[in-house]
Amino acid sequence: MNSKFLEGGREGFRTFLPLSVGLVPWAIVTGVAMRSIGLSPLEAFGMNVIVFAGTAQLGTLPLIAVGTPIWLIVLTALVLNLRFVIFSAALAPAFAGERWPRRVLASYLLVDGTFAVLSDRLLKATDPHWRWGCYIVPSLWCWALWQLFVMVGVFGAGALPQDWSLEFMATIALLVMLVPMCATRPMMLAAVAGGVGAVLMRGLPLKLGLIAGIFIGIIAGFAAEHWAARRRSS
Amino acid sequence: MSEGWWLWLTLFLIGGTTMLTRGSFIIPGERARLPPVAHRVLRYAPAAALAALIAPDLLLDDGALDPFNPKLLAGLLVIVIAWRSRNPWLPFILGMGALLAMRKLLGW
């Protein structure tokens with residue numbers, strides 16, 4: 001541990017701390033949602049450590065609950081996680097000089113919040129120790145906080161009445177994630193087309209309607225962006 | 001629900017997708033770059049996927065279209081709250097409150 005590492009760690013932690021408070025309700029809701037579909041506390045803890053991605057967890061729970069074919073569950077998780085490819089590509093230069101165990105650990109811990117507030121600092125940093133501290137300290141804090149409050153939800157869920165439609169908390173959580181994304185018109189169109197598409201295509205065999213809806217949404221958003229750019233340039 | 005080892009297999013595969021996507025460029029370690037078109041297409045994946053998961057829950061009842069139901073009204077309320085307020089608890093409290101009020105008090 002050297003002083004540059006600690007300095008970077010402090011900077012990263014201070015930057016991420018205010019945002020990390022916002023994780024608490026998510027974590028609790030994820031815990032409650034996992035219990036509400038019938039996962040045991042051990043299974044819920046396992047999912048939380050193995051997957052460690054709130055969106056993928058909340059998004060796949062309803063599918064696990066009704067016994068959806070495994071390939072469709074995994075495909076849905078993959079689509080929900082595709083944004084990480086962008087984050088990973090953006091941050092890769094910051095970790096290119098690290099050895100592989102660190103690159104694996106950095107990948108496992110990569111979440112939206114730390115990426116959003118730290119990526120600028122990480123890419124501009126010149127000292128590798130400072131940079132590693134600035135990433136790993138807030139990321140580990142985020143992991144611990146997430147695990148702790150998911151467990152609060154898992155064990156607190158038992159105290160809530162069974163007939164409270166608690167599974168709706170997962171839908172609320174997904175909505176709260178979606179709303180701020182729709183700030184631009186193409187993104188809003190992608191969401192509307194994805195939702196309408198999934199509803200209209202619900203009759204497709206093998207529950208392919210969900211995947212069809214997602215593709216319709218992606219194409220709609222991309223097309224809207226393309227046309228908006230063309231109109232501006234002409 | 002999926003049970004036993006089948007459930008654990010599902011969880012490991014879901015976890016595999018998070019490692020695969022998060023590590024896609026960080027783990028190889030070379031300065032690989034994402035083509036700009038892929039970057040632009042991928043940006044729309046989360047919004048489209050979230051909406052595709054949410055819409056059927058809000059609009060369908062047992063597979064049939066039901067455009068006027070308590071979940072949809074509670075969902076619309078959540079959208080307004082999430083859009084207007086930064087408080088992270090409010091959408092959950094008011095959304096669940098509205099759904100329970102409609103179901104329990106109004107018997108809907």
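Which residues have the most contacts inside the largest nonpolar core? In this predicted model, where local features need pLDDT of at least 70, side-chain atom pairs count only at pLDDT 80 or more, and totals for chains, interfaces and linings use all residues, side-chain values use heavy atoms, with hydrogens and water left out. Residues are numbered from 1 along each chain as its sequence is written, while chains are lettered from A and ligands numbered from 1 in the order in which they are written.

The residues in question are A:M47, A:Y135 and A:I214, and the core to which they belong has 103 residues. By nonpolar core I mean a set of buried Ala, Val, Leu, Ile, Met, Phe, Trp, Tyr and Cys residues joined through side-chain atoms within 4.5 Å. Buried denotes under 20% relative accessible area, exposed over 50%, and partly exposed in between, with a 1.4 Å probe and protein chains only. Domain 1 (3-180) and domain 2 (182-234) of chain A each give this core at least three residues; the domain bounds come from an automatic or database domain assignment.

Let me take A:M47 in detail. Contact here means heavy atoms within 4.5 Å. Neighbours within four places in sequence aside, A:M47 is in contact with A:F52, A:L61 and A:I64, among others, and also with B:L11 and B:I14.

A:F52 deserves a remark of its own. This residue lies in the loop between helix 3 (41-51) and helix 4 (54-65) of chain A; helices (H or I, at least four residues) and strands (E, at least two) are DSSP runs, numbered from the N terminus. A:F52 is not a glycine, yet its phi is positive, about 45°. Most residues other than glycine have a negative phi. A:F52 counts as buried because its relative accessibility is 3%.

B:D62 also has a positive phi, near 55°. Its place is the loop between strand 1 (60-61) and strand 2 (64-65) of chain B. With 82% relative accessibility, B:D62 counts as exposed.

I turn to the interface. Chain A contributes 85 residues to the contact and chain B 70 residues. Together they bury about 7,000 Å², 78% of it on carbon and sulfur atoms; buried area is the accessible area (1.4 Å probe) that two parts lose on being put together, summed over both. A:I50, A:I70 and A:F168 supply 9% of the area that chain A buries against chain B, more than any other three residues.

The rule finds 2 salt bridges across this interface, each a side-chain nitrogen of Lys or Arg within 4 Å of a carboxyl oxygen of Asp or Glu. B:R43 forms a salt bridge with A:E225, with the closest N and O atoms 3.6 Å apart.
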